Amino acid sequence: MRRRLLIATALLTLLAAGLIWWKLQRQLAPLAAAATALRVQTDPHQPLQGLPVGRPDEIGELIDGFNRTLGALTQREQALKESEAFKNAVLNSVDAEIAVVDRDGVIRAVNEPWRQFARDNGIAPGAAALQIEVGGNYLAVCRAASDRAAGDALSAYDGIRAVLDGSVPSFSLEYPCHSPAEQRWYHMNVMPLGQRAQGGAVIAHTNITARVLAAMEVAQQHQRLEQLVLSRTAELSAA
C-alpha cells in the first residue's frame, strides 16, 4: 500500500506539474506572441504596429496599455514630421539664405538657398562648405574669416555673439561678398530665436547686389551731372 501510495503520489505530482506547465504556457502565450511581434518590429524600415492582445486579462490589459502608449508616440512622431515638413517648406520658400543657430553658434537648420550658396562657394565645384552646414559652427567660420582679414567678418562675429548673449535685440550688416565671376553685396539680419534669452538666433542673408549697383549708378549719374553743371557754370563765367 505504501508503494502504491508513492506511485499514486508521483503520478499526481506529474499530473499537477503538467497541468501547471500547461496553465503557465496558456497564460504566458500572449507575452510570447508580444515578444515575437516586438522582435519583428526591430526593423527600422517597418512601421510600428500594436501588439496582439490575446485575452482581456491582466496581461491583455498590460499589452493594451502598451499599444495605447505606442499609438500616442506614433501620433507625436507624425506631428513632429509634419511640423518639420512645414518648417522646411516655409524656410525653402524664402529667397534669403537662412540658418538657425543655437546659443553657441552651432547651425541646427538651414534652408535650400543657404545650401545652394554653400555649394556654389565650396572649395570644389558643387561641394558644400561643411563649416556652414548643419552641425558646423557659424561663429567659428566668422572668427576664422576675421583672423584672415579683419573687417566685416569681425563685425558679423561680434554682432551675432551679442544677439546670442542677449546684449542687443537684433543685428544687421551690409557687406561685400565678391566672387571671381561677379561683384556681390549682401545684407545680414540676425534675430533672437523666440523670447527666451540665449535661446539661439535666426541668421538671414539677402542678396542686395541689384540695389547696391542701382545706388552706385545713381551716384555716378549725380556726379556726372554735378560735373556738367560745374563745367557749364565755368563756361558761363568765362564768357
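pLDDT is the predictor's confidence in each residue, on a scale from 0 to 100. I start there since what I am showing is a predicted model. The mean pLDDT of the protein is 79, with 82% of the residues at 70 or more. One stretch to keep in mind is residues 124–128, where pLDDT stays under 50. For that stretch the model has eight contacts beyond four places in sequence.

Now the overall layout. There are six helices and five strands. Reading from the N terminus, the order is α-α-β-β-α-α-α-β-β-β-α. Of the 239 residues, 26% are buried. The accessible surface is about 16600 Å², and carbon and sulfur atoms account for 61% of that. Taking contacts with a separation of 6 or more, 38% are between residues 24 or more positions apart.

In soluble globular proteins, nonpolar side chains tend to be buried together. Here the largest nonpolar core contains 24 residues, and I107, Y138, I160, M188 and V190 have the most contacts inside it. Eight elements each supply at least two of the core residues: strands β1 (97–101), β2 (107–110), β3 (171–176), β4 (185–192) and β5 (201–207), and helices α3 (112–120), α4 (138–148) and α5 (152–165). Helix α5 gives the largest share, five residues.

Take M188 as an example. Leaving out residues up to four places away in sequence, M188 touches Y138, A156, I160, F171, S172, L173, Y175, I203, A204 and H205.

Last, the charged pairs. The whole structure has five salt bridges, and I will go through some of them.

R115 and E112 pair at 3.9 Å, N to O. They are three residues apart in helix α3, so about one helical turn separates them. R115 is partly exposed at 27% relative accessibility, and E112 is partly exposed at 33%.

R161 and D165 pair at 3.4 Å, N to O. Both are in helix α5, four residues apart, about one turn of the helix. R161 has 23% relative accessibility and counts as partly exposed; D165, with a relative accessible area of 36%, is partly exposed.

Which parts does the salt bridge between E174 and R211 tie together? The closest N and O atoms of E174 and R211 are 2.4 Å apart. E174 lies in strand β3 and R211 in helix α6 (residues 209–238), so this pair links parts that are 37 residues apart in sequence. E174 is partly exposed at 44% relative accessibility, and R211 is partly exposed at 48%.

Terms used: Residues numbered from 1 in each chain as written. Predicted model: local features only at pLDDT ≥ 70, side-chain atom pairs only at ≥ 80, totals over all residues. Heavy atoms only, no water. Buried < 20%, exposed > 50% of the residue type's maximum accessible area, 1.4 Å probe, protein only. Contact = heavy atoms within 4.5 Å. Areas by Shrake-Rupley, 256 points an atom, 1.4 Å probe, with all protein chains shown as cover. Core = buried A, V, L, I, M, F, W, Y, C linked by side-chain atoms within 4.5 Å. Salt bridge = Lys/Arg side-chain N within 4 Å of Asp/Glu carboxyl O.
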